[in-house]
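Trainee: Hello! I would like to learn how to read a protein structure, one feature at a time. Could you guide me?

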Amino acid sequence: ERYFIKNLDGSSEIEIDSSCTQIYQYAFWYCTSLTSITIPASVTSIGDNAFENCESLTSITIPESVTSIGDNAFYRCTSLTSITFGENSQLTSIGDFAFYGCDSLTSITIPENVTSIGSWAFSNCTNLTSVTFGENSQLTSIGSNTFNNCTSLTSITIPENVTSIGHSAFEGCTSLSSATFENVNGWSVSMTEGEVGTEISAEDLSDTATAVTYLTDTYVTFYWTREQ
């Protein structure tokens, strides 16, 4: 069944039927009065722009059945304070601009099965202070501008399996004071994606303060890649 409830008139709560397997693109686009929604365990994907500009939505629980969150899915959900993922979340991808401008969000834990986070996914989440990755994180790719202008973010750990970080991923993270690379070996940076770049020493990246300087200043506009 397709759900498309653009500009929901006056309703603040929605419960989706348990037979629904997908929330299609633009399904709740600009439903500015929506404060609460229950996503059933049958849903496997949340489409592009599905909850874009749902500016009254305060919290969301993503069931463990969901494997993908589309581009712009929660774009500018400015009242969103809490995102909870199912305990055994099967989520593997977070799309471009997925949580862009969610400036009430203070913390998030990225499920361990996520392998890629899209460009600008958490950009301009200006009150985001904590980003945590699952203990056995399978993350390999952090997109360009992913955490751009997260001005309250104080620390970050780059999981062991990450092999690419896009340009400007941490640009404007003015409160960032500690960056921990779980794997400090084999990193290089280049101005153009795919180019052979300048190697970064493991010793430098082992120092959490130096790593911050490289991510937010020295090599902020570079593409980062790690040889496996």
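This is a predicted model: local features need pLDDT of at least 70, side-chain atom pairs count only at pLDDT 80 or more; totals for chains, interfaces and linings use all residues.

Trainee: Where along the chain is Asn72, and what is Asn72 in contact with?

Mentor: Asn72 has its place in the loop between β6 and β7 (82–85). Leaving aside neighbours within four places in sequence, Asn72 is in contact with Asn49, Ala50, Glu52, Asp96, Phe97 and Ala98.

Trainee: Asn49 is on that list. Where is Asn49, and is Asn49 buried or exposed?

Mentor: Asn49 lies in the loop between β4 and β5, and with a relative accessible area of 9% Asn49 is buried. Not counting residues up to four places away in sequence, Asn49 touches Tyr26, Trp29, Asp71, Asn72 and Ala73. For a sense of distance, take Asn183, which is 134 residues from Asn49 along the chain. The C-alpha atoms of Asn49 and Asn183 are separated by 34 Å.

Trainee: Now the rings, please. How many aromatic pairs does the structure hold?

Mentor: A pair of aromatic rings is described by the distance of the centres and the angle of the planes. This structure holds 19 aromatic pairs. In one of them, the rings of Phe28 and Phe51 have centres 5.1 Å apart and planes at 5 degrees, so this pair is stacked. The pair links distant parts of the chain, 23 residues apart. Phe28 sits in the loop between β2 (22–23) and β3 (36–38), and Phe51 in the loop between β4 (45–46) and β5 (59–62). Both Phe28 and Phe51 are buried.

Trainee: What are the distance and the angle for Phe97 and Trp120?

Mentor: Phe97 and Trp120 are 5.7 Å apart centre to centre, with 10 degrees between the planes, and that pair is stacked. This pair also links distant parts of the chain. Phe97 belongs to the loop between β8 (93–94) and β9 (107–110), while Trp120 is in the loop between β10 (116–117) and β11 (130–133). Phe97 is partly exposed, at 27% relative accessible area, and Trp120 is partly exposed too, at 28%.

Trainee: Which residues do ring pairs link into a cluster?

Mentor: The cluster is made of Phe28, Phe51, Phe74, Phe99, Phe122, Phe147 and Phe170.

Trainee: Next, cysteines. How many disulfides are there?

Mentor: A disulfide is a covalent bond between the sulfur atoms of two cysteines. The structure holds zero disulfides. For Cys31, the closest cysteine sulfur is in Cys54, 5.0 Å away, and that is too far for a bond. For Cys125, the closest cysteine sulfur is in Cys102, at 5.1 Å, again too far for a bond. Cys31 is buried with a relative accessible area of 0%, and Cys125 is buried with 0% as well.

Trainee: How do I read a helix, and which residues of α2 are buried?

Mentor: An α-helix has 3.6 residues a turn, so residues three or four places apart point the same way. In helix α2 (residues 208–218), Ala211, Val212, Tyr214 and Leu215 are buried. Those residues cover an arc of only 165 degrees around the axis, which puts them on the same side of α2. The buried residues of α2 pack against β14 (164–165), β15 (178–181), α1 (202–206) and β18 (223–226).

Trainee: Finally, what does the chain look like as a whole?

Mentor: The chain has two helices and 18 strands. Its radius of gyration is 18 Å, close to the 17 Å that the globule rule gives for 228 residues, so the chain is as compact as a globular protein of that length. Along its principal axes, the C-alpha trace spans about 55 × 30 × 30 Å. Of the 228 residues, 47% count as buried.

Notes:
Residues are numbered from 1 along each chain as its sequence is written. Side-chain values use heavy atoms; hydrogens and water are left out. Rings of Phe, Tyr and Trp (its six-membered ring) pair if their centres lie within 6.5 Å; planes under 30 degrees apart count as stacked, over 60 as edge-to-face and the rest as tilted. Helices (H or I, at least four residues) and strands (E, at least two) are DSSP runs, numbered from the N terminus. Buried means under 20% relative accessible area, exposed over 50%, partly exposed in between (1.4 Å probe, protein chains only). A disulfide is a pair of cysteine sulfur atoms within 2.5 Å. The arc is that of the directions from the helix axis to the C-beta atoms. Contact means heavy atoms within 4.5 Å. The radius of gyration is taken over C-alpha atoms; the globule rule is 2.2 Å times the number of residues to the power 0.38.
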